[in-house]
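Have the coordinates ready to follow along.

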Amino acid sequence: MTDNRRSKLRPILRIAAIVANSLMATLLLMSAYGGIVNPLESPYGAIIAMTFPVVLILSLLLTVVNLIWMRRMAVINGIALLLCAGPILTFCPLNFFRPSGKAIAESDEPTLKVLTFNVFGFLDFTNNGLSYSDATIKYILSQEADIVLCQEAVGILTDGSRVLSDGQRSEIRRIYPYVKADHRGMSILSKYPFKQVAVENADPNQLDLCRYDVDVNGTLLHLFSLHMQSIGLTAADKELYRHFTEGESSADMDKLRVGIIPKLKAAFRSRAVQARIVREAIDETDGNILLCGDFNDIPGSYAARTIAGDDLIDAYRHAGLGPAITYHADRLYFRIDQMFYRGDLEALRAWVGDCPSSDHYPLLAVFRLK
């Protein structure tokens with residue numbers, strides 16, 4: 001290529017690079033803040049927000065390429081990344097100096113260990129959910145949490161349960177003398193006494209919302225457990241999504257648009273309504289609050305933002321380290337189980353457990369009682 005042709009191509013390539021980097025920066029901003037948009041007005045912000053992890057990785061790779069080949073272009077990437085610092089740290093917290101589990105155990109400070117877990121009805125996910133397994137309850141007992149909140153835990157303590165042996169049922173009762181389980185599978189196992197408080201729920205068919213007032217050695221803790229609207233994908237939908245992620249057929253995009261996208265929109269709208277119900281319950285409650293459960297939605301989503309409001313702290317954002325997923329089925333790898341708090345609590349350490357027997361991983365946190 002002659003110098004003359006190079007000189008003609010150079011400005012074209014520069015313009016193309018500016019356009020490409022600007023588009024990537026715009027996509028990063030849209031995916032980072034898509035959860036601000038109310039799905040009742042437009043569900044597309046919520047859909048774009050789900051792409052944030054992928055867009056973030058692509059943006060970081062593009063930044064590295066620019067630093068090697070076109071350093072001036074990296075300025076665009078840097079500005080976009082700085083503007084998205086909040087969502088990035090929510091997705092991937094960098095709490096390198098959080099206390100270790102050993103340090104917390106050796107401390108004299110009063111602490112509270114909480115575990116929230118969608119247990120998949122105690123079916124064995126590693127066996128495609130075709131059989132029951134006691135692996136989940138064994139894991140729960142091994143963690144020795146002070147309070148355990150379960151979703152989809154129907155029949156956890158009933159006599160004749162296909163999951164628990166009489167010995168395991170007795171062990172649960174020994175460790176957790178205070179237990180409550182309802183017919184919807186919302187369950188609490190607690191080392192501390194509590195009373196359940198009725199919560200007004202305008203969407204009882206799709207939203208499970210429970211409140212327990214727990215006496216933690218004289219400290220009153222208003223504990224909310226919730227399970228929000230799922231997407232409701234069928235086996236055919238999941239198979240279609242698997243084919244799409246494998247790139248097996250370009251026709252899958254049209255099927256995805258017609259079959260799955262409408263279900264996503266409906267679920268986002270339902271959770272927007274449910275989030276307001278939950279937030280109203282929080283606003284009507286004074287004092288210390290700990291809210292845990294299966295949101296079926298990502299951090300930074302409209303539902304999570306609405307529930308958190310201006311006063312609740314994301315325990316994983318405050319005391320977790322690195323990106324995390326709590327749902328590991330159907331290639332939908334997201335952190336959809338959340339834990340928020342306020343009041344005389346401080347999250348010291350939060351992490352995702354490694355129990356694979358459910359389609360969710362458990363979320364755990366240790367709190368300092370201030």
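## Buried or exposed

A residue is called buried when its relative accessible area is under 20%, exposed when it is over 50%, and partly exposed in between. Keep in mind that this is a predicted model. With that cut-off, aspartate 208 counts as buried because its relative accessibility is 10%.

Which residue does the side chain of aspartate 208 meet in a salt bridge? The partner is arginine 184, with a distance of 2.7 Å from N to O. Aspartate 208 belongs to strand 6 (residues 208-216), while arginine 184 sits in the loop between strand 3 (178-181) and strand 4 (187-190), so the bridge ties together parts that are 24 residues apart in sequence.

The structure holds 12 salt bridges, and aspartate 311 takes part in a bridge with arginine 279 (2.9 Å, N to O). This pair links distant parts of the chain, 32 residues apart: arginine 279 is in helix 11 (residues 261-283), and aspartate 311 is in the loop between helix 12 (302-308) and strand 9 (313-314). Arginine 279 is buried at 12% relative accessible area, whereas aspartate 311 is partly exposed at 28%.

Aspartate 311 also forms a salt bridge with arginine 342, where the closest N and O atoms are 2.6 Å apart. Arginine 342 lies in strand 10 (residues 337-342), so this second pair ties together parts that are 31 residues apart in sequence. Arginine 342 is buried too, with a relative accessible area of 14%. Through shared partners, salt bridges join Arg279, Asp283, Asp311 and Arg342 into one network.

In soluble globular proteins, nonpolar side chains tend to be buried together. Here the largest nonpolar core has 29 residues, and those touching the most other members are Leu112, Tyr212, Val214, Leu223, Leu290, Met339 and Phe367. A second, separate core has 21 residues, including Phe122, Ile137, Tyr139 and Ile156.

Beyond its neighbours within four places in sequence, methionine 339 is in contact with residues including Val114, Leu290, Ile313, Asp314, Leu363 and Phe367.

Where do nonpolar residues make a surface patch? Val64, Val65, Ile68, Trp69 and Met70 form one of about 540 Å². Isoleucine 68 is part of helix 3 (residues 52-69) and is exposed, with a relative accessible area of 57%.

Methods. Residues are numbered from 1 along each chain as its sequence is written. This is a predicted model: local features need pLDDT of at least 70, side-chain atom pairs count only at pLDDT 80 or more; totals for chains, interfaces and linings use all residues. Side-chain values use heavy atoms; hydrogens and water are left out. Patches are made of residues with over 30% relative accessible area and no salt bridge: like charges are joined within 9 Å, nonpolar side chains (Val, Leu, Ile, Met, Phe, Trp, Tyr) within 5 Å. Accessible areas come from the Shrake-Rupley method with a 1.4 Å probe; for residues, only the protein chains shown count as cover. A salt bridge is a side-chain nitrogen of Lys or Arg within 4 Å of a carboxyl oxygen of Asp or Glu. Helices (H or I, at least four residues) and strands (E, at least two) are DSSP runs, numbered from the N terminus. Buried means under 20% relative accessible area, exposed over 50%, partly exposed in between (1.4 Å probe, protein chains only). A nonpolar core is a set of buried Ala, Val, Leu, Ile, Met, Phe, Trp, Tyr and Cys residues joined through side-chain atoms within 4.5 Å. Contact means heavy atoms within 4.5 Å.
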